[in-house]
Amino acid sequence: MRTNVKEKTMSQTYKLTLTIRRYDPDGDKSWDQTYELEAGAILRFVDLFRRINVEQDATLTWVSSCEHGQCGSCSVQVNGRPMLACELLVENAVALFGTTRFRIEPVTVAPVVRDLVVDWEQAYERVHRAKPYVIRPIEPPPGVTELQISPKEIARYEDATRCINCFCCATACISTHRNFIGPNAAMASVVRLMDSREEEKDERLALLYSEEGVYRCHTSKACTHVCPKKIDVAHFIALAKEGAF
Amino acid sequence: MGHHLTIHATRQCDVLIIGAGGAGLRCAVHLLEKRPDLKILAVTKVAHPQKSHTSTAQGGLAAVDPRDKTDKPIYHMFDTWKGGDCTSDQDVVKRIVEGGWEEIQWLERRGMHLSRNDEGNISKRQFGGHTIEFGKGDSFRAVFEADRTGKGIMDTAWGEALKRGTVFLNFSVATEILFQEGACAGAVLFNFKDGEFTKVLAKTTVLATGGSGQVYRITTNCRGNTGDGLAVILRAGLPIMDAEAVQFHPTGIVGPGILASEALRSEGGILRNKDLEPFMERYAPKMKDLAPRDIVARSIETEIREGRGIMNPDHQIEHVWIDLRHLSAYVHEVKLKEVASFFKTYTNLDSRTQLCPVRPSNHYHMGGIPTNADGAVQRSAEEIIPGLFAIGECACASFHGFNRLGTNSLLELLVMGKAAGECVLSYLKDGRIADPAGAGEQTLSRFSGYLAARGTENTGKIRLEMRDMMTKKVGVFRNERDMREAVAALEEYRRRSAGAAIATQGLRTNQELLERWELDNLLDVAMVIAQGAIMRQESRGAHFREDFPERSDAFQFHNIESMTEFGKVLFARRPVDMSLQTAGDAHSDHFKVIPRKY
Ligand SMILES: Cc1cc2nc3c(=O)[nH]c(=O)nc-3n(C[C@H](O)[C@H](O)[C@H](O)COP(=O)(O)OP(=O)(O)OC[C@H]3O[C@@H](n4cnc5c(N)ncnc54)[C@H](O)[C@@H]3O)c2cc1C
Ligand code: SF4
Ligand code: SF4
Ligand code: FES
């Protein structure tokens, strides 16, 4: 019962090599820069970036906000895999990639503005196009102030509502780089197709079955595989393809 | 390299909303629902409004359901008054509590995915400090969306704001408030993505910049919560109120301080010390683990001080355990899915079978920019500033007094966002937009000073040292000697910060420059917190003085604090509104200055 009391009194540190893709907009210059540092097992990658800023290089630029996996600001590619830097612990990264050497690059869904920072507004533009709100809410019957929605009904799409728009899925999705509106943007519309409070289904279907719609998806499931919120994104895209809302 | 900075552009709008978290967005949407023609500009420091900190709120949103036969608004008002240690303004308490359920309906109709019971009605859960019949029993008045209530509110609110045509300016900060003849005329913004300074002239300005948790090392707050709104107000020569009222959440996950929600305890989690004793029974025999936050936080710190804590080797931080092992698989996997997974993610522990380490973590700033019950910013207890509003965590109306009850902040954001919006409408009638002389000079000279600085100091290092110092000296337990040392240390950090050179000289996405400005904000806010806490020689709510452990009637007022020169804090007073007590009805006696015992 008390095993973790003992287990967690030993601390281990790792010698890490981080190679970070840099970009300086002032000189329009890109390069790789390598930093060596020693860090404890449960430090996060955002803690490593902060330490680099304090101990080695104040100019390294990166983004975070909540720093606990809730806002989707800190997405980067680590050894080619899109991930949240605030959720990645040193010991987990070492176990996952089987190495202490990491290559860190920005996500690919929008142009880079400096180092690991991309122009998020451009990325979000796709989500905005998918209308992430109730376009036309249903009128409840007279006298009814709150609608009843069964937990069973919500359970069908609840997972999709957990999306934080970190764009990890869109970074991993090859189709997104070829005209597809992208898994998270498509999913934002799918949620409202499944939500009984939305009356405007036609406009949503028109987008999902358009040129940039779900038929661009090749069901590779890379999105599901990388989603830090463990949302089965491909499942929702598949529902859209089948029209099974 | 010399820098000549200039104002890049001037923009005009009807309403400038500085900060698009829950409060700012609710205000924007209310305005646009009433007046779809309005031009609203909403500014955020983050990449997109969805990234604002409200999205991280987990536990719930308090509101009394009018159809609930056991609960009544007057009970909620009492809990808020008692929880705030009799320092909430009663007119504000009444307004916010009575506006609660309407906000739930507002959210529900606009698509928030509230959790439901088997009949399909909105579910409610219990939360610390919320009772029925003036403390007789537990109330169930927190509605929620699983353990991501804040995200549910945000996704609804930013979606509606987008749908109704709010213009967003992200990766931007307001650095200076503009005035013309005593009225607010807008603000100067620094868009740090593009590296441009903009002057925004607005008929009305609403500050909604959120919390200031980065003042402390162990905090649940996001990286951008550096008290910007408060610092900008202080630099305009305006006061802040009750800055010393800082709440520490009892259960931050060791080490960064990530919030392990109250829901863990309301679902049955038990705090244990190193001997595995369920120690809350000793400190709050009736409410035990569900006692209000400040009491639980001090109980944990006392356990640790008296040698019953456990040391975490990686972070070198002492802590106690939260025991969730006895909870059902259903609770772990459904009700607490997200929060329980934090332990796995950030400590590699499995809460179903292992004890999890927690320590009090800075969580909420009750103090802030003083406003009246409409959210209008006050220059003094008697005078408001036309055209300037403050809402949400950066404001102090005061709803929470000296200690906020869980779930009451989200409620406040919504009701005050709407209330301020309603009042803003009355300022929009006259179409004149002022263009004050000298606008932006303060900002430009400050930022050129940062870029011109020479020396070997590092902004990030000073920031870390300062936060650690504040956690140790102006934290859960406070005393005069430590806090005098804190004031001296802050002076020293400020002196050192002048020698922090900035290597990146281009203005585009210059993180060093932004963080240098944030450091000044942190230092200003920390200074007022420390001096306010020294001045208040008593214990009240979350403000706990070891050298003055009792509440004192001599301090039964709000502290109005201004600082135009660093370190020189001036104090004035604002009386606590007692309108529920003076109403003289059947419940008035509950709203006297009463002891806060649970
Ligand atoms: C982890 C956590 C969990 C919580 N859980 C609950 C809960 O369950 N129930 C509850 O009632 N309360 C909870 N709270 C408290 C509550 O979430 C916050 O008090 C509330 O969300 C603050 O909302 P806001 O709109 O005032 O600010 P925020 O949501 O923080 O928004 C502030 C906005 O201002 C912007 N901004 C900041 N500075 C500037 C600047 N200089 N210029 C321009 N823009 C700026 C930011 O980018 C952001 O858009 C929780 C808090 C935390 C930290
Ligand atoms: S399943 Fe479809 S949406 Fe997901 S990554 Fe593959 S192509 Fe993209
Ligand atoms: S679906 Fe998952 S990976 Fe994609 S944006 Fe949402 S949270 Fe991120
Ligand atoms: S910083 Fe919010 S998800 Fe990483």
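How many residue pairs are in polar contact across the interface of chain A and chain B? The rule finds 44, both residues at pLDDT 80 or more; a polar contact is a pair of N or O atoms within 3.5 Å, where within protein one must be able to donate a hydrogen and the other to accept it, and residues adjacent in sequence count only if both atoms are side-chain atoms.

The model is predicted, so local features need pLDDT of at least 70 and side-chain atom pairs 80 or more, while totals for chains, interfaces and linings use all residues. Residues are numbered from 1 along each chain, chains are lettered from A, and side-chain values use heavy atoms, without hydrogens and water.

Select the side of chain A that touches chain B. Helix H5 (151–161) of chain A supplies the largest share, six residues; helices here are DSSP runs (H or I) of at least four residues, and strands (E) of at least two.

Next, show Arg148(B) and Glu158(A). They form a salt bridge, with the closest N and O atoms 3.1 Å apart. There are six salt bridges between the two chains (a side-chain nitrogen of Lys or Arg within 4 Å of a carboxyl oxygen of Asp or Glu).

Move to helix H4 (120–129) of chain A. Its buried residues (under 20% relative accessible area, 1.4 Å probe, protein chains only) are Trp120(A), Ala123(A), Tyr124(A) and Val127(A). Seen down the axis of H4(A), these fall within an arc of 90 degrees, so they line one face of the helix; the arc is taken from the directions from the helix axis to the C-beta atoms.

Definitions and conventions. Buried < 20%, exposed > 50% of the residue type's maximum accessible area, 1.4 Å probe, protein only.
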